[in-house]
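Please open the structure in your viewer and keep the sequence beside it.

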Amino acid sequence: MRVSVYSRCALLMIVFFAAALVQSPKATAQNLDVPYVPTSQEVVDAMLKLGKVKKDDVLYDLGCGDGRIVVTAAKQYGTKGTGVDIDPQRIEEANANAREADVTDKVRFVEGNLFDMDLSEATVVTLYLLPSVNLKLRPKLLQLKPGTRIVSHAFDMDDWKPDQTVQVGGSTIFLWTVPQR
């Protein structure tokens, strides 16, 4: 029996979700739509490359976890960025990682619900969320400035066809560009 990439990703996320609940008792299944599953540095680098991230971009990472995407963008490209996560433990880790990388002047991390965030300044948005969350978020993303790049690790946006799809280290990365209205 062949198991699809989506099935394997979903299974891995369920396992990591259970582990995340044990590690972070403040974040419960009731307030987490997506489990914390770290993105490998290889995939982070590929996401930033696919999104054509540059110094004058403003990057928002929704469900930022330990902040590695925002920190890497600031360190490698000089990009200003904001990471959002509902889990206070992840925000603490993200801030510690920003201090360690000496990029606290370029990044900020917000503890909160990604659906409540004002994303209007974003020129790049990165995601590693479940398909159902991507779909729920899609109307908000489509309201961003035309030309804003959306980069998702592992999961697509159903019938919104990506501009580009790449495979890196066993992971799929999708790129969309917010169209003109």
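In what order do the seven strands of the open sheet stand? In this predicted model, the order is β3-β2-β1-β4-β5-β7-β6, and the pairing is mixed. As background, the strands of a sheet pair through backbone hydrogen bonds, either parallel or antiparallel.

**The edges.** Select β3 (107-111) and then β6 (164-168). These strands stand at the edges and have a single partner strand each, so one side of each is left without a neighbour in the sheet. Now view the sheet as a whole: on average, and with direction ignored, neighbouring strands are turned by 15° against each other.

**A parallel pair.** Next, select residues 58-62, which form β1, together with residues 80-85, which form β2. The two strands pair in the parallel sense over five bridges. Within this pair, select L62; its bridge partner in β2 is V84.

**An antiparallel hairpin.** Move on to β6 and β7, which pair in the antiparallel sense over five bridges. Here V166 stands opposite I173 in β7. The two strands form a hairpin with two residues between them. In the turn, select G169, which has a positive phi of about 50°.

**The helices.** Which strands does helix α2 (residues 41-50) lie across? Helix α2 lies across β1, β4 (124-127), β5 (149-153), β6 and β7 (171-177), and runs at about 20° to β7. Finally, select helix α4, residues 88-101. Helix α4 lies across β2 and β3, and its angle to β3 is about 170°.

Terms used. Residues are numbered from 1 along each chain as its sequence is written. This is a predicted model: local features need pLDDT of at least 70, side-chain atom pairs count only at pLDDT 80 or more; totals for chains, interfaces and linings use all residues. Side-chain values use heavy atoms; hydrogens and water are left out. Two strands pair if DSSP finds at least two bridges between them. Helices (H or I, at least four residues) and strands (E, at least two) are DSSP runs, numbered from the N terminus. Axes are lines fitted to C-alpha atoms, for helices over the stretch in contact, and angles run from 0 to 180 degrees between N-to-C directions. Contact means heavy atoms within 4.5 Å.
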